[in-house]
Every structure is written in C-alpha cells, then in structure tokens.
Amino acid sequence: MGCGSCSSGGGCGTSTAPGAVPTGCQDNGSCMTSGCNKLDVYDWLSDMDMPSNYKPFEIVEVRFKGSRKDFFINSENLYLEIGEMVAVEPSTGGYDIGHVSLTGELVRLQLKKNNVGIDTVNKKLYRKANDADLAKWQAAKDLEWETMHKARNLALELGLSMKISDVDYQGDKTKATFYYTAEGRVDFRELIKRMAESFRIRIEMRQIGMRQEASRLGGIGSCGRELCCSTWLTDFKTVSTSAARYQNLSLNTLKLAGQCGKLKCCLNYELDSYMDALKDIPNNINLLDTVKGNAYLQKTDIFKKIMWFSYPGEENWIPMPVAQVKELHEKNKQGHKVEELFNPVAPEETTVEKSKIYDYENVVGQDSLTRLDERGRRKRNNRSKNKNVRPRISSENKETTPENVSERPVKKSVDKGSTEKKTAPQQRQQQAQQTQGQQQQQQQAQGQQQSQASSPNATATGATDEGATAKPKKRFHKNRNNKNRGPKPPSGE
C-alpha cells in the first residue's frame with residue numbers, strides 16, 4: 001500500500017473514479033505502515049489532553065510525493081488531523097495538494113531540527129482539499145508515468161547523456177518537475193522547449209544524485225527490508241572503503257554496493273564501535289621474529305582481542321592475545337628472538353550431554369517408529385530357517401510297492417516322537433552316510449554276481465539266481481523296525 005504522494009502511487013482511499021474500488025488501507029496516510037510511513041514522525045502528543053487556554057501552534061508540516069516535506073502557516077486555524085489532504089501555496093503560482101504529516105508542538109521541534117526559523121515560514125495553507133481538487137490532483141498523477149516515458153524518448157532523440165527517473169506534477173496540473181541523474185552538466189535548453197510544446201505545462205528540471213534517486217524510487221535491500229534512505233534516513237553521509245576495512249569485511253564491490261551503485265550507508269552504522277575497539281589493538285605489528293622463523297599476522301579478532309599468526313608453509317594458525325603480542329614485539333625491538341609460538345588460548349573441548357526432552361510422557365515405550373519393522377524381520381528369519389530344514393516322512397506312511405522300491409533312494413526312518421531340529425551340517429552328514437551305504441550295497445551285489453558266475457551250477461539254475469538276487473533287495477527295502485522279526489506264520493496255524 002502507499003499514499004498517492006509517494007512513489008508507490010495508489011493512495012489510501014483517495015480513488016475518485018465512479019464505481020472504482022478504493023485503494024490502500026483507507027486510513028488516510030496515518031496507518032504507520034509501508035509507504036504511508038515514509039519519513040514520518042510519530043505524534044506522541046496526539047492522545048494527551050492540552051490545557052484549556054492552550055493555543056495550537058499555527059505552523060503545519062505537509063508531505064508531498066517522495067521524501068519532500070515543507071512547512072506552511074495555518075492562518076485560518078483549521079482543525080487538521082494527520083493524513084488529511086490540504087491545498088497549500090507552492091513556490092510558484094497556483095496551488096498544490098499534499099498530506100498533513102505533523103501538527104502541534106512537535107512541529108516546533110521539527111523546525112529546530114531542520115534549522116528552519118519560525119519567521120522564515122511564509123507559505124500559507126489555503127484550505128482542506130475538496131472533491132474537485134482531489135479529482136484534478138488524481139488526473140495529474142495519472143499523467144506522470146506517460147509523461148516520463150515521453151521525456152525519455154525526447155532526451156534520446158537529442159542525444160543527451162541523462163536519465164529521467166521521476167516526474168512530479170503539481171496539484172493543479174499546471175507545472176511538472178522532472179528529476180534526472182547525470183554524470184556532469186547537461187545542456188537541456190532544447191529539451192525544455194520540446195517538452196513545453198508537447199505537454200503544454202511549465203517545466204522544471206532538477207538534478208539529483210544516485211542516492212536521492214534510490215530514496216525517491218524505493219526498493220528492497222539485501223537485508224530484506226525497505227531501503228533506509230526511502231523510509232527514515234534523511235542525511236547522506238560519505239561512505240569510504242576504509243569503513244569496510246576497519247570492520248574486516250571483504251572488499252567486494254558487489255556486496256558492499258547498494259541499489260544506488262554507491263557504498264551502502266549501513267557501513268557507517270557500526271563503524272564507531274569498531275573504532276573504539278581498535279584503540280587497544282596495535283596496527284604496526286605484521287610479523288614476529290621467533291627461533292623457528294618469522295610468524296606473519298593473518299587475522300585479527302577485534303572484539304575478542306586475539307591476533308592469529310602462522311609460519312610460512314604451515315596451515316595451522318596460532319591465536320595469541322593482544323597483550324602477549326605486545327610483549328613479544330617489545331622483545332623483537334630489543335633484538336631478541338622469542339621462543340616458538342604455541343597455542344595458549346586453545347579452546348577447551350567440553351562435551352555436554354544433551355538430555356532428551358519429550359513433550360509427552362513415554363509410559364509404554366512406544367516412541368520408536370521402527371518397532372514394527374523389527375518384529376517383521378524376526379518372522380522372516382524364522383520362516384527362512386524352516387525352509388532350509390527338509391520335512392521328515394516316517395516309513396509307516398510310505399507304501400512299499402515294487403515301483404517305488406526301485407526308484408526311491410534308501411532313507412533312514414525317523415521316530416514320530418522325535419522333535420529335534422537338525423541343522424544344515426547334520427543334514428549334509430546324513431546325506432553322505434546314505435550315499436556311502438548305497439555304494440557298499442552295490443559292491444556287495446557285484447561280488448555276489450561274480451561268485452555265482454564262477455560256480456558250476458550257475459548256468460543250470462538261472463531262474464533261481466534271479467530270485468535269489470531279488471530277495472535281498474526286498475528284505476533291504478522292508479521296514480527296518482521289523483527286519484529282525486521272522487516271517488509271519490500262516491493264518492491257519
């Protein structure tokens with residue numbers, strides 16, 4: 001938001017167009033925020049009751065566009081409040097429209113602050129602005145943007161090295177003031193003639209500096225706040241690079257320069273504190289002559305009063321208090337070399353255990369977010385272990401048919417009541433025993449066949465031999481629990 005008298009335009013509830021939406025905060029410039037607070041003064045006497053015989057101070061402070069302010073005599077003793085629009089006497093003919101920025105006894109202090117005498121104030125305050133005055137003032141403000149661009153084009157046609165940054169119309173729309181910046185003097189007589197012909201108004205050219213231009217246009221600084229020159233700063237003091245050097249700032253023009261292209265005004269804000277702290281720090285000590293060699297100054301902590309030295313080719317810096325540096329420098333003046341520098345002010349490493357502070361009472365112990373993941377991992381591990389263990393089948397449930405006798409490998413029986421779990425090494429050992437038993441059986445069968453072939457009755461009793469060789473296999477694949485039992489007796493016995 002912003003008042004119509006400032007560079008942001010708009011106005012606080014001063015829109016005169018029929019059916020238009022009112023702009024601004026509707027507080028008539030007294031909202032004390034943003035553009036309405038530009039170079040404003042807080043009237044701390046406004047809520048105080050004055051004596052009955054008190055005569056109000058007749059001089060009033062009025063604010064115009066940008067940071068321009070002036071004092072006027074309220075000869076008719078009109079009751080005025082801060083933010084009201086009034087018609088005042090300008091330096092030339094006609095009248096101008098502005099906002100009342102201060103009334104009462106504080107105006108007397110403002111006159112004293114600005115070194116303005118009460119007798120030197122001659123301009124008069126005519127009246128409160130009526131609807132016709134506000135309509136003409138609003139129409140004049142609407143022409144400023146178009147007029148500025150036309151004036152820039154005229155300056156480019158004439159080849160003038162100048163930059164027109166702002167235009168300020170008078171309230172009665174009879175005069176316009178053009179603010180421009182240039183490096184040197186500019187002959188703008190031909191420019192004034194052309195502008196007078198095109199605009200049909202009185203022209204006034206006023207040259208300003210880079211900082212005044214930034215204060216009129218406004219903006220946001222690198223700190224994130226509005227520019228100091230456009231909100232509260234009135235006097236522009238010179239700023240040099242020595243201010244940055246005293247504060248140990250890097251001499252980077254991009255960081256030290258403001259929006260105006262000059263050094264930032266805030267470099268002077270803390271300069272006095274740094275200058276007071278530098279009184280105790282010697283400025284003529286750049287190296288110390290030691291037994292190990294010359295130690296050169298690398299850095300100075302102004303407020304902690306510590307100077308950092310280092311030897312050539314070494315990366316470690318040695319901090320030394322200022323008092324000790326002065327003593328060592330005095331010894332060097334006498335021609336004595338000091339001992340090797342060490343770290344007398346090394347910071348002590350203290351580990352402080354930070355206690356966990358909970359914003360709730362942990363009664364059950366359910367503050368861990370991964371408590372459910374641990375349970376899932378345990379279940380998955382148990383399942384993988386069960387998959388590695390092979391299922392055990394008892395021999396009672398197996399059917400001993402001639403087909404599965406010849407196909408299935410020989411396995412040992414497992415008792416039903418055994419609930420012991422075998423691990424992977426035990427399973428490998430069991431498999432190795434089974435394969436070894438099969439190899440022994442094959443060797444025995446081959447030996448029996450060879451012995452039968454060598455006997456003379458081998459050819460005659462071929463059929464019985466086949467039965468003889470088949471019987472041991474059937475006895476071997478029978479249930480081992482019953483292998484020691486004899487043949488079952490016939491059912492008739």
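Student: Which residues of α4 are exposed on its other side?
Tutor: Arg189, Lys193 and Glu197 are the exposed ones there. Exposed is over 50% relative accessible area, buried is under 20%, and partly exposed sits in between, with a 1.4 Å probe and protein chains only. Helices here are DSSP runs of H or I with at least four residues, strands are runs of E with at least two, and both are numbered from the N terminus.

Student: And which residues of α4 are buried?
Tutor: Leu191, Met195 and Phe199. Those buried residues line one face of the helix, because they fall within an arc of 45° seen down the axis of α4. The arc is taken over the directions from the helix axis to the C-beta atoms. As a rule, an α-helix has 3.6 residues a turn, so residues three or four places apart point the same way.

Student: Before I get carried away, what kind of model is this?
Tutor: A predicted one: local features need pLDDT of at least 70 and side-chain atom pairs count only at pLDDT 80 or more, while totals for chains, interfaces and linings use all residues. Residues are numbered from 1 along each chain as its sequence is written, and side-chain values use heavy atoms, with hydrogens and water left out.

Student: OK. What do the buried residues of α4 pack against?
Tutor: They pack against α3, β7 and β8. Contact means heavy atoms within 4.5 Å. Leaving aside neighbours within four places in sequence, Leu191 is in contact with Ala151, Leu154, Ala155, Leu158, Leu160, Met162 and Met205.

Student: Switching to strands: what's the strand order in the open sheet of three?
Tutor: β6-β7-β8, with mixed pairing. β6 (163-169) and β8 (202-207) are at the edges with a single partner strand each, so one side of each has no neighbour in the sheet. From one strand to the next, the twist averages 25°. For pairing, DSSP has to find at least two bridges between the strands.

Student: In which sense do β7 and β8 pair, parallel or antiparallel?
Tutor: Parallel, over six bridges, with β7 covering residues 175-181. The bridge partner of Phe178 in β8 is Met205.

Student: Where do the helices go relative to that?
Tutor: Helix α3 (residues 144-158) lies across β6 and β7, at about 145° to β6. Helix α4 (residues 189-199) lies across β7 and β8, at about 140° to β8. Those angles run from 0 to 180 degrees between N-to-C directions, using lines fitted to C-alpha atoms, for helices over the stretch in contact.

Student: Which residues have the most contacts inside the largest nonpolar core?
Tutor: Met162, Phe178, Leu191, Met195 and Met205, in a core of 22 residues. A nonpolar core is a set of buried Ala, Val, Leu, Ile, Met, Phe, Trp, Tyr and Cys residues joined through side-chain atoms within 4.5 Å. α3, β6, β7, α4 and β8 each give two or more residues to this core, and α3 gives the most, with four. There's also a second, separate core of 17 residues, including Ile285 and Tyr311.

Student: What about Thr177, buried or exposed?
Tutor: Buried, at 10% relative accessibility. Thr177 is in strand β7 and, beyond its neighbours within four places in sequence, is in contact with Asp166, Val167, Asp168, Glu204 and Arg206.

Student: New topic: how is β10 joined to β11?
Tutor: By five bridges, with the strands running antiparallel. Lys299 stands opposite Trp308 in β11. Four residues sit between the strands of that hairpin, where Lys305 takes a positive phi near 60°. β11 (residues 306-310) is mostly covered, with four of its five residues buried.

Student: Last one: where does pLDDT stay under 50?
Tutor: Stretches under 50 include residues 1-24 and 394-422. pLDDT is the predictor's confidence in each residue, from 0 to 100. Where pLDDT is low, the predicted coordinates should not be read in detail. The protein averages 76, and 68% of the residues score at least 70.
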